[in-house]
Amino acid sequence: MDTTTVTFTLNGTTTALAVSPLTTLRTALRENLHLSATKAGCSQGGCGSCTVLVDGEPTLSCLLPLALIEGQEVTTLEGLSTRGGLHPLQEAFYDRFAAQCGYCTPGMIMAAKALLDRNAQPTREEIREALVGNLCRCTGYLPILEAVEDAARRLSQ
Amino acid sequence: MKQLGIVGQSVKRRDGLGHVTGQTQYVDDVFYPGMLWLRMVRSPVARGAIRRIDTARAEALPGVVAIVSAGDVPNNWYTILGLIGVGPPDEPVLAHEEVMYQGEPICAVVAETEDIANEATSLVKLDIEELEPVLDVEYALNAEAPVIKKWGSNTFIYDGMNHRRLRFGDVDAALKQADFVVDGTYRLSPIEHVPLETHCCVVKPEPDGRLTVHTNTQALYFSMDNTAIILQCPSNQLRFLGGTVGGGFGGKVDVITEPVTCIAALKTRRPVKWRWTRREEFQNSSTRAGVKMEYRDGVMRDGRIIARKVRSLQDAGAYHRHSPYGAQKHMANVGGPYSIPNVWADVYCVYTNRQPSSAMRGFGVMEASFAIEVQMEKIARTIGMDSWELRMINAYRNGQMRPVRKVVEDAALVETLQAAAELAGHELPAHLRAMHSNDTGEQTGNHAYGGGGSRL
Amino acid sequence: MTRVRGRGIASVNYPTGMNLGGDPTQALIFCQPTGSFTVKLSSTDLGQGLKTVIGQIAAETLGVPLEGVIIDTGDTDSAPHCMGTFASRATHRVGNAVIMAAEEAKRALLEVAADEMEAAPQDLVVENGEVHVKGSPDRKLSVLDVALAAHFKYGRTISGRGIFLKPKGGVDPETGACDPDSTEAHATAVAEVEVDTETGEVTVLRLFGAYEVGRQVNPAMVEGQIVGGAVMGMGHALMETVFPYYPAQDHHTSSFGEYIVPTAMDAPQIETVVLEYPSSNGPYGVKGVGEMTANSPVPAIVNAIYDAVGVWVTDLPVTPEKVLRALEDKDRALSGS
Amino acid sequence: MTVTTLFTPRSADEAVDLMRRHGSDLVVLAGGTIMMPMINDGALFPRQVMSLRRAGLDGLHTANDHVEIGATANLARVAEVNALPPLAEAARTVGGPALRTMATIGGNLFAHPPHGDLGAPLLALDAEVQLAGGRVLALEDFYAERASGSRAGTELVTALRVPRPQGQSVYLKCGRRQGNTTSVIAVAVQVMIGSDGTCSDARIALGAAASHPMRARRAEEQLRGRLPDGEICAAAAEEAMAECEPFTDAIASDWYRRKMIGVYVRRALEATLSIHVGQ
């Protein structure tokens with residue numbers, strides 16, 4: 001089978017990977033690199049559990065062939081706590097019981113990070129809109145909204 | 001209530017740090033070198049007779065390693081509650097003679113990659129003679145409907161009867177005495193559990209012949225024992241690993257991935273992963289049952305509910321799964337949290353040609369609660385009584401007898417009504433605020449609380 | 001005015017545990033030489049937090065800090081049988097089994113400590129990871145020292161076995177008489193909705209829930225169940241089905257574009273209160289809260305819709321289309337009369 | 001066998017050349033949000049796939065009287081085109097933020113109803129479709145050509161040219177939940193009011209109301225030359241209900257869609273009038 005080699009920056013590290021042509025970013029992360037925080041919730045772009053940042057933009061990694069991000073910068077949940085400590089979003093999700101089964105959590109945190117990166121003090125309505133593409137079946141969302149508000153406060157301190 | 005130490009404290013989740021860092025390992029996060037992928041070929045029709053399954057083109061596709069068909073299944077019966085005597089067995093692991101619902105598993109393709117497995121399933125040619133499906137529960141009970149179950153009925157048979165029944169007091173006499181009779185028909189369409197993690201199983205054959213089975217089942221031993229029965233092997237040949245699940249809600253109590261994945265691993269002698277697609281979750285995994293419930297309540301002018309008569313049809317879909325139990329649980333709960341002296345129910349577990357229903361968060365009870373509580377509102381509106389008061393005077397008290405002949409204990413329904421009213425800013429009158437769940441009427445002189453079955 | 005508000009209430013009971021073929025769960029506990037206790041289970045955490053609450057129950061019973069308890073679950077090779085996580089049974093069944101195992105382990109611990117301290121076992125208590133003589137907090141020994149002594153001096157095990165069984169109960173086929181549960185939890189929900197009478201769209205504005213679930217092991221996680229269940233119940237009430245034209249199979253849903261679940265934008269304001277009336281047979285009075293929380297909002301919402309616009313829509317899910325048809329039927333009936 | 005080649009042309013010309021060489025065997029991705037789910041689901045097994053992500057078609061130029069939007073401009077960017085309020089609003093209500101960084105305006109023209117929310121506001125704004133090779137056609141004609149199976153379906157869309165609204169414009173979407181919702185229906189209107197207070201022109205476009213986004217021309221006729229008021233808005237809504245050709249799917253029945261066309265067309269027109277009165 002044909003393979004194609006793709007070079008990109010992954011959580012700050014230059015990474016080169018040979019994959020089959022249409023291998024998605026999500027599959028490459030999970031199966032080639034064994035970075036399994038990024039989840040396969042639907043493979044249809046409908047649940048948000050595969051959300052990562054590509055050049056800072058929230059992106060559904062299940063729909064994006066890796067070959068298309070040549071030279072771009074990818075951030076996954078694993079890239080948030082690389083310096084040892086937790087990111088304020090992670091702390092807030094932990095402290096406020098914003099994760100139950102935990103399966104939506106990586107995508108949810110990445111979608112929230114994309115929001116806070118461009119809007120440090122979002123309103124609750126803005127948080128709801130930013131997370132509308134990320135489904136959660138356990139929490140009823142309210143603890144997640146509180147956690148993002150809490151993280152915004154922590155980041156501003 | 002005695003104050004305790006750590007019990008009662010909102011300590012953080014043990015798995016919380018794993019969740020927020022993405023390090024919690026779910027089944028789909030298990031990878032083995034050389035792992036194969038499994039995909040399922042499913043019935044395109046709701047009911048039909050299988051004439052021929054042609055897998056030649058699929059097998060010829062480069063990267064396809066094996067096909068698993070009914071002939072590969074040592075004991076091709078999948079009846080999960082068979083462990084506790086529910087039967088007769090009615091569901092094949094892989095269909096070979098007939099299909100009973102659209103999406104029923106027929107054969108599995110095992111391939112080097114998920115993409116290849118996907119494509120191979122599209123190359124399996126099925127020749128199925130389509131038969132008239134039964135889709136509606138009322139029609140299924142109709143004498144003209146095709147009989148779709150081998151035992152000659154479209155219902156589960158409970159102790160020789162085609163329904164579960166509840167008989168408490170004399171309902172027909174009480175309905176005659178009632179000042180008002182309130183009827184309601186309630187329906188519920190099948191609902192999917194929608195855990196964010198789809199069904200997933202990874203099986204690795206070990207050098208000693210055992211199988212290591214990673215699964216997101218809600219019940220490890222239950223799944224292991226069922227799998228052993230299907231594999232016809234002692235369960236000590238299996239090691240089930242799990243315990244961390246990305247949402248279940250009752251949807252992961254069916255033993256729906258492990259047996260076939262095990263057979264595929266045994267056949268190929270390689271690790272195999274079967275991860276369901278979201279489409280399969282919606283269209284093939286079991287649902288909450290569709291239900292039709294007919295309620296008739298007899299009520300006195302003062303608000304006492306003196307009789308309830310229920311006919312309920314639970315749509316099990318094509319096979320048992322957990323539905324015979326769900327229907328029974330429904331029967332046991334038609335009285336709700338109220339003291340009703342005369343209750344009569346016939347609950348049917350009905351088979352249709354749709355994806356099986358099974359357990360889901362509160363099944364049997366949730367549906368009854370829906371019907372009961374809308375009935376309560378209808379009753380309140382019919383007799384012109386405040387709906388808080390109606391519930392509080394009928395709420396069962398500790399020491400009273402429920403229709404299943406179990407005495408109420410440790411109950412505090414009245415107190416939840418009082419607390420909910422306060423929370424929602426609804427002021428209850430003093431006589432309702434004074435009620436409590438240990439008051440069976442003698443102290444307050446309230447007439448509503450006789451013993452079960454003895455009021456008339 | 002096309003938007004009308006209404007309020008509805010609903011009360012529910014919910015049974016803990018199943019009772020079909022007997023309902024057992026086991027736990028094993030052993031003490032490591034370092035004084036840590038390992039709880040061996042085969043039970044499953046679906047996200048509701050079983051691993052956490054079982055750790056709390058074990059620590060409470062043993063008298064050791066939470067950090068000193070390891071919950072090891074999910075391997076049939078290394079842990080005894082559990083029926084599984086369903087029927088709101090896990091905290092009740094597993095908790096009871098763990099208490100039984102922890103009490104046995106604690107007895108073994110105290111016997112060793114008694115020998116070490118030259119005291120009678122019944123005069124000893126374990127608190128905060130230390131064994132001391134009742135009334136003499138200074139006469140004490142750490143659990144670590146007791147564990148070391150047990151392993152290396154006395155050659156004794158500090159371990160415990162626990163099981164909880166709800167025995168199999170039949171159903172009388174003629175009357176339905178049965179023992180269908182171990183205990184019952186209760187709740188009352190209040191829903192406030194707004195109905196658009198031109199479109200039939202229903203918006204849930206607020207949900208209130210008063211829950212009576214026995215003792216709470218972890219109040220934050222109980223609240224998590226209530227809030228999460230409320231939103232799931234809202235989905236059941238208004239949005240969800242895989243067969244939009246049930247019993248017809250047409251338009252069987254295949255994606256999140258077709259199967260509609262609540263999102264972060266739909267979650268209403270939710271307020272809860274929990275009343276603790278302990279059960280007689282649950283661990284420390286626990287009942288169960290896993291399943292019931294999705295139940296009570298459903299009829300409360302249906303009743304609130306009636307309160308708002310005077311139509312009963314009793315066919316779930318209550319889609320805007322069903323509400324609009326009911327409103328049109330009502331209008332026709334009124335204009336016809 | 002799975003996908004053997006993923007082409008990433010660097011220009012429209014290169015893309016057109018690939019399309020010519022591979023014909024209907026080539027699956028084209030703009031943002032991938034339509035085709036990738038089908039491929040992932042195993043509903044489609046293409047050998048050759050072409051992505052337009054690097055084809056340089058994502059330009060966005062705002063001129064005095066129009067905005068030119070490259071075919072692969074994503075919906076997150078379209079949502080910020082303040083010069084075109086109904087289009088921006090439609091883009092803003094598709095999916096969630098991550099989907100919007102991927103889905104493109106050009107791809108949206110190829111979405112099967114009830115998807116393709118941008119069609120209605122683009123029709124209401126009188127957008128033109130620019131095809132590789134220089135052909136330009138009105139969006140309405142583009143849909144008609146695609147439906148008839150003729151040329152437009154096989155040509156490469158390079159950009160959309162969208163005139164700035166001349167009058168008051170409004171976009172309303174009816175969904176089954178508050179956000180990230182598939183359309184039950186969508187309505188976009190543009191109403192021009194002359195100096196005498198009468199409606200000089202009106203464009204009413206409907207999404208998810210037929211096999212592709214459509215103009216409600218008979219409804220528009222109700223407005224032209226008249227002093228619009230509530231009654232006329234209602235009459236236009238009635239016409240729109242009569243001329244739409246809705247379908248039944250998992251989201252809504254044709255009956256409900258038609259009802260909502262009536263309600264939402266009326267509401268959209270009333271909203272344009274109140275904007276007008278408000279000024």
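This is a predicted model: local features need pLDDT of at least 70, side-chain atom pairs count only at pLDDT 80 or more; totals for chains, interfaces and linings use all residues.

Analyst: Two strands pair if DSSP finds at least two bridges between them.

β3(A) pairs with strand β4 (residues 57-60) of chain A. The sense is antiparallel, and there are four bridges. Within this pairing, A:Leu53 stands opposite A:Pro58 in β4(A). The two strands form a hairpin, with two residues between them. In that turn, A:Asp55 has a positive phi of about 50°.

β3(A) also pairs with strand β5 (residues 73-75) of chain A. This pairing is antiparallel too, over two bridges. Here A:Val54 has A:Val74 in β5(A) as its bridge partner.

Now the side chains. In a regular strand they alternate between the two faces of the sheet.

Next, the contacts between chains. Chain A gives 30 residues to its contact with chain B, and chain B gives 24 residues. On the chain A side, the elements that give two or more residues are α2 (88-95) and α3 (105-118). By class, that side of chain A divides into 17 nonpolar, 10 polar and three charged residues.

Chain B also touches chain C. That contact takes 94 residues from chain B and 101 residues from chain C. The chain B side holds 46 nonpolar, 24 polar and 24 charged residues. Strand pairing occurs between these two chains as well: strand β8 (residues 180-188) of chain B pairs with strand β12 (residues 315-316) of chain C. The sense is parallel, over two bridges. B:Leu188 stands opposite C:Leu316 in β12(C).

Last, chain D. Its secondary structure comes to 11 helices and 12 strands. The radius of gyration of chain D is 19 Å, close to the 19 Å that the globule rule gives for 279 residues, so chain D is as compact as a globular protein of that length. Its C-alpha trace spans about 60 × 40 × 35 Å along the principal axes. Of the 279 residues in chain D, 57% are buried. Take the contacts in chain D between residues at least 6 apart in sequence: 63% of them join residues at least 24 apart.

Methods: Residues are numbered from 1 along each chain as its sequence is written. Chains are lettered from A and ligands numbered from 1 in the order in which they are written. Two residues are in contact if their C-beta atoms, placed from the backbone, lie within 7 Å. Ala, Val, Leu, Ile, Met, Phe, Trp, Tyr, Cys and Pro count as nonpolar, Asp, Glu, Lys and Arg as charged, and the others, Gly among them, as polar. The radius of gyration is taken over C-alpha atoms; the globule rule is 2.2 Å times the number of residues to the power 0.38. A residue is buried if 20 or more other C-beta atoms lie within 10 Å of its own, exposed if 12 or fewer, and partly exposed in between; C-beta atoms are placed from the backbone.
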